[in-house]
Amino acid sequence: MTRRVLLFISLLSLESVFGQVSYSIPEEMTKGSLVGNIAQDLGLDIKRLISGKAKIYTRNSEEYIELNRETGVLLVKQRVDREVLCTETALCALHFQVILENPMEFYSVNVQVTDINDNAPTFEKNEMKFKISESAVIGAKFVLERAIDLDVGNNGVQRYELKPTDNFALKIHSNADGNKNVEMVLQKPLDREKQEQISLVLTAVDGGEPQMSGTMLIVITVLDANDNAPVFTQPTYRAAVTENSPKGTVVTTVTASDADQGSNGKITYSITNMIENVRKAFEVNKENGEVSLIGNIDFEKSRHFQINLLASDDGGLTDSCKLVVDVQDVNDNKPEINIMSKSNVISEDAVLNTVVTMINIEDLDSGDNGNVGCLIRENVPFTLKTSTNNFYSLVTDSDLDRETASQYNITVTCSDEGVPSLSSSVTLTLQISDVNDNAPVFESSSYEAYILENNTPGLSIFSVRARDADWNQNARVSYSLEDSTVNGVPVSSYVSISADSGVIHAVRSFDYEQIKDFHFLLKAQDGGSPPLSSNVTVKILIQDQNDNPPQVLYPVQTGGSLVAEMVPRSADVGYMVTKVVAVDVDSGQNAWLSYKLQKATDRALFEVGLQNGEIRTIRQVTDKDAVKQRLTVIVEDNGQPSRSATVTVNVAVADSFPEVLSEFTDFTQDKEYNDNLTLYLVLALAVVSFLFITCLVVIISVKIYRWRQSRTLYHSNLPVIPYYPPRYSDTLGTGTLQHVYNYEVCRTTDSRKSDCKLGRAGSQNVLIMDPSSTGTMQRIQSEKSILDEPDSPLEVS
């Protein structure tokens, strides 16, 4: 058993590669038999077959051949019977395609199935009977049934044998279609009186190895004389019938004549075909030779029929003719759309002419009825290209953009050229997969945000947002600060940004007086590979708060020396004594300053300019006015809430410097005396408050302790007899000792000193229950000093 392979390779203009390879195998090969090594014959790598998910596509539902991807060979999948596969054709082949994906390729494969001699010739009837007149002339012909052999070529019927050959001989006529008519020819006169019945055996022999044969018995009854045989008017008749014609349709009428009279001239018509499709589709009227339809005929199954007709008379003489019926096609089949291979998903960056789907179109009709054209009616970035006959490839013809259209429903419509035209359509759903081809885009080209100074670190300033038109991971945006500096300091020490939400937080507390604004770059980056990013400029403006009080620049306040402004007693109204100069480092209305006279020795003598801080006289200076004048000026800003500062201005109303000097020397001493007195009073108040609180805590503690001890004695079963040592008394005041405290506080305003005297008893006795003892009382004598101050000595008596 041999196997032949014929290889054709053709490269087309499409990106996918097309090739054709042919093999030849005998029928009836066992399952798993080798057909051919398609990987080797096409020059394909085994890895390509596996990665491309190589598969076999057939138009028919049954697959006789299978592909082993791991070895790259074609194997017989199931038993192949040529007689079942190809009933009417001598040449029999299996046609299928091998499809590969990523990129999409397909190769056409033809497997010729050769015939083996596995069928013997057979006759439809085991026995055939004839009635022949003894007067039949030498050379009279009698048509015999042909044998049927499902094999073809040499394996078909090659010859016939007729035995015995005493009266009859065989004559074989070869037709143009390759078939043979078998006739039995009378070569010796018959004699009814000698032999009334003759039995012959017809044997059909094929040419296969081993040789096979079939037989049929021929029984001849010899009748009295019948001089003339029937004769058809023509040896071959031709007729045409349209497919799908209804049953009973008359195809044609054949006619034969017989010169005899009576029963010897009565002609009977019959069909002698052994093929079932003829007997199931046609019948002939025995009386008039009218051939009509009794079954359905389909152009796609049989385009021609050859009907063998026999005319016989009652005397046993016959004649034969042939009727060729041509079936005319009608457009009764829609185009069939077969999806050979398709991709459900395609990347949006696919190059032009990328093959998405491969389609096979088949229309069983012929001529114009079978000419099919396909098109896409939608306005989509895809087109159909014809690769080979009845094969179409759906390819991209323009750029894809998932952000514009993420899915396409592509309807492919195929129509034939018949009248009326028939069409079929199929809808292909194609998803466009995303690639990272869009960078994040901020909602604004730049941002400005405001924040009040003295903010809390971590305060949210504002948020930015960027959108990415891509999908899924490619659209996941994260935010970060670009490396930059503000006044030489990294921007990350000023602000931070949430990578997910884009919220910008202040890292530090801002001071408007140090930095009024700053800007930096933000980056938004997606999660694609490689990632895409975009930048935006953000400007942060610090808003001022009224956090700085006014600062007095003049007059300068000194601790050790006294500065005074002199006003002559001859000064007129509006005389400018001095000018208070102050500044506020805040800005805006927080820095608008106003001046007011808070306190003055003589308010009727001076005034302060509200806006300019100028101190002027508001009346004429007189001799009664005191030389020493003290003015307290308050400077307020316009913030909310407002802040202020005060300045003391000393004014001397005098005409000479010595007068001013003597007065201000006393003034300095008074100032020192008042300052010391104030200090002492504050210290005394603090010490007294501390001692009062301490005594209060001690008294409360003693009360609680005694209460707990009394509760212990109350719950005891033993009698308790208090014991008082000599010269001790209890704290409840039941003893004989006196508890007298005398306090005397003496204060004078002239001496600027305070004397505090405390009188107390010689001793202080306290009775305390010791928790560690077993009922005895201990004496604790406590002596405390109430007040001790260096500048104010304490006397105890």
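Guide: Let us begin with a term: a cavity is a set of grid points where a 1.4 Å probe fits but cannot get out. Please keep in mind that this is a predicted model.

Visitor: What volume does the largest cavity have?

Guide: The volume is the space filled by probe spheres set on the grid points. For the largest cavity, the value is about 50 Å³.

Visitor: Which element gives the most residues to the lining of the largest cavity?

Guide: The lining includes K342, S343, V356, T357, L428, T429 and L430. Two or more lining residues come from each of two elements, strand 27 (355-362) and strand 32 (423-433). The element that gives the most, with 3 residues, is strand 32.

Visitor: By class, how many residues in the lining of the largest cavity are charged?

Guide: Lys belongs to the charged class, while Val, Leu and Ile count as nonpolar. The lining has 5 nonpolar and 4 polar residues, and the number of charged residues is 1.

Visitor: Strand 32 also contains S424. Which residue's backbone oxygen does the side chain of S424 reach?

Guide: S424 has a relative accessible area of 16%. Buried means under 20%, so S424 is buried. At 2.6 Å, its side chain reaches the backbone oxygen of P335.

Visitor: How far from D363 is the nearest side chain of opposite charge?

Guide: D363 lies in the loop between strand 27 and strand 28 (372-376). A salt bridge requires a side-chain nitrogen of Lys or Arg within 4 Å of a carboxyl oxygen of Asp or Glu. D363 is buried yet has no salt bridge; the nearest side chain of opposite charge is R303, at a distance of 9.4 Å.

Visitor: Which residue has its backbone nitrogen 3.0 Å from a polar atom of the D363 side chain?

Guide: A polar contact is a pair of N or O atoms within 3.5 Å. At 3.0 Å from a polar atom of the D363 side chain lies the backbone nitrogen of D365.

Visitor: How many salt bridges does the structure hold?

Guide: Side chains of opposite charge can pair when their charged atoms come close. One set of such links is a network that joins E28, R79 and D81. For the structure, the number of salt bridges is 17.

Visitor: How many residues apart in sequence are the parts that D434 and R402 tie together?

Guide: D434 and R402 form a salt bridge, with the closest N and O atoms 3.2 Å apart. D434 lies in the loop between strand 32 and strand 33 (441-442), and R402 in the loop between strand 30 (391-396) and strand 31, so the pair ties together parts whose separation in sequence is 32 residues.

Visitor: R402 also meets E403 in a salt bridge. Is E403 buried or partly exposed?

Guide: The N to O distance in the salt bridge of E403 and R402 is 3.5 Å. R402 counts as buried because its relative accessibility is 12%. E403 has 24% relative accessibility and therefore counts as partly exposed.

Visitor: With which residue does R616 form a salt bridge?

Guide: R616 is partly exposed, with a relative accessible area of 28%. The closest N and O atoms of the pair are 2.9 Å apart, and the partner is E614.

Visitor: What is the omega of the cis peptide bond that joins K163 and P164?

Guide: P164 is found in the loop between strand 11 (157-163) and strand 12 (168-174). A cis peptide bond also joins V419 and P420, and P420 lies in the loop between strand 31 (407-416) and strand 32. For K163 and P164, omega is about -5 degrees.

Visitor: Is N102 buried or exposed?

Guide: N102 lies in the loop between strand 7 (93-100) and strand 8 (105-114). Although N102 is not a glycine, its phi is positive, at about 55 degrees. Its relative accessibility is 63%, and exposed means over 50%, so N102 counts as exposed.

Key. Residues are numbered from 1 along each chain as its sequence is written. This is a predicted model: local features need pLDDT of at least 70, side-chain atom pairs count only at pLDDT 80 or more; totals for chains, interfaces and linings use all residues. Side-chain values use heavy atoms; hydrogens and water are left out. On a 1 Å grid over the protein atoms alone, a cavity is a set of points where a 1.4 Å probe fits but cannot get out, and a pocket is an open set with protein on both sides within 12 Å along at least five of seven lines; lining residues have an atom within 4 Å of a point. Helices (H or I, at least four residues) and strands (E, at least two) are DSSP runs, numbered from the N terminus. Buried means under 20% relative accessible area, exposed over 50%, partly exposed in between (1.4 Å probe, protein chains only). Lys and Arg count as positive and Asp and Glu as negative; His and the chain ends are not counted. A polar contact is a pair of N or O atoms within 3.5 Å; within protein, one must be able to donate a hydrogen and the other to accept it, and residues adjacent in sequence count only if both atoms are side-chain atoms.
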